Amino acid sequence: MKTYDLTIIGSGPAGLSAAIYASRYNLNTLVLGAQQGGLIADAHKVCNFPTRPEIEGSKLGEKMQDHAEKYGAEVKMEKVTEIKENDNFVLKTNLDEEYEAKSLMLATGTERRKLGLDREEELMGAGVSYCATCDGRFFEDQVVGVVGGANAAATAALYLADLAKKVYIIYRRDELRAVGAWKEQIDKTDNIEVVYNTNVTKLKGEDSLQAVQLDQDYEGSDQLELEGLFVEIGSDPRTELSEMLGLELDKKDYIKVDETQKTSKEKVWAAGDITTNSNYFKQSITASAEGAVAANSIHKFIKSN
């Protein structure tokens, strides 16, 4: 079993940026992740990453991985299922592989929130989706809805508007929280309609989604006929591994880290959307910055031990 100076769990901007820096420090580095680019790969467009006025999330993840591998990092699409501790850490993955690491960095990010409605799981993949860029093509010339009002919901709606016949944004407040540029585009897009101050309370349909129940009438009916519903209501930190390692978390289950990105546990750092740093901003640029800081801290630790 090969021993690495650093194993990074998570293959998004935080993990891959850390891998770039760690490899430049000549640390023997392994990245383990379930998806190239992490959650950013699901983004239709990333428009605020320096030097990239506009780039598909999947392309950004691909470029970051290529960069890390060019400097010598190993990147494997495997999910860590178990962590054992001796003098080092032994990680077991879903492919029954084992890896040993002198230090760990968690960059597992967040997972999408669900509506918590009856039959939501049952209709997933049959009209209910959490990724517009993954599933949008299945709804060409159809009527779809997007639940949410922040940037993720806005960009999903704009992406879907190029494919679907009609897109409804269903939002519980009286004004979208997306940045001004996205709101302006939505206002100019003829086949997007916003349903304000409204929640989805029930999913209807037998083998696939046919309509949603609303908590108040919209244009004379409390039911909206839809063939697809995309849920974009935010995300929560992934806690499986942080709980496995016994890391200190805040009240919202984000990993507490100090200014060096170190966690409450010796030889374990964390970076990106899963941490308490960067004012919970949850941007690719802040995740990358935290990854760089963590790699620098780990380099100092490895060289002094």
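1. Five strands make up an open sheet with parallel pairing, in the order 8-15-9-10-11. Strand 8 (128–129) and strand 11 (192–195) are its edge strands, and each of them pairs on one side only. The model is a predicted one, and the points below should be read with that in mind.

2. Within this sheet, strand 9 (residues 143–147) and strand 10 (residues 166–170) are joined by five bridges in the parallel sense.

3. The crossing of the two helices is left-handed. On the helix 4 side the contact involves N151, A154, T155 and L158, and these meet W182, Q185 and I186 of helix 5. By class, the contact residues comprise four nonpolar, three polar and no charged.

4. A separate open sheet has three strands in the order 12-13-14, with antiparallel pairing. Strand 12 (200–204) and strand 14 (221–225) are at the edges with a single partner strand each, so one side of each has no neighbour in the sheet. Direction ignored, neighbouring strands here are turned by 35° against each other on average.

5. Strand 12 runs antiparallel to strand 13 (residues 211–218), and four bridges join the two. In that pairing, L203 is opposite V212 of strand 13. Strand 13 and strand 14 are likewise antiparallel, over four bridges, and Q213 has Q223 in strand 14 as its bridge partner. The hairpin of strand 13 and strand 14 has two residues between the strands, and E219 takes a positive phi near 55° in it.

6. Helix 1 (13–24) and helix 2 (57–70) each supply at least two of the lining residues. Helix 2 gives the most, with four residues. Divided by class, the lining of this pocket has five nonpolar, three polar and two charged residues.

7. Which residues line the largest cavity? They are G272, D273, T275, N277, S278, Y280, F281, K282, T286, A287 and E290. The volume of this cavity is about 50 Å³, and the count of cavities of 30 Å³ or more comes to one. Three nonpolar, five polar and three charged residues form the lining of the largest cavity.

Terms used:
Residues are numbered from 1 along each chain as its sequence is written. This is a predicted model: local features need pLDDT of at least 70, side-chain atom pairs count only at pLDDT 80 or more; totals for chains, interfaces and linings use all residues. Side-chain values use heavy atoms; hydrogens and water are left out. A crossing is left-handed if the near helix is turned anticlockwise from the far one by less than a right angle, and right-handed if clockwise. Contact means heavy atoms within 4.5 Å. Ala, Val, Leu, Ile, Met, Phe, Trp, Tyr, Cys and Pro count as nonpolar, Asp, Glu, Lys and Arg as charged, and the others, Gly among them, as polar. Two strands pair if DSSP finds at least two bridges between them. Axes are lines fitted to C-alpha atoms, for helices over the stretch in contact, and angles run from 0 to 180 degrees between N-to-C directions. On a 1 Å grid over the protein atoms alone, a cavity is a set of points where a 1.4 Å probe fits but cannot get out, and a pocket is an open set with protein on both sides within 12 Å along at least five of seven lines; lining residues have an atom within 4 Å of a point. Grid points are joined across faces, edges and corners, and a volume is the space filled by probe spheres set on the points.
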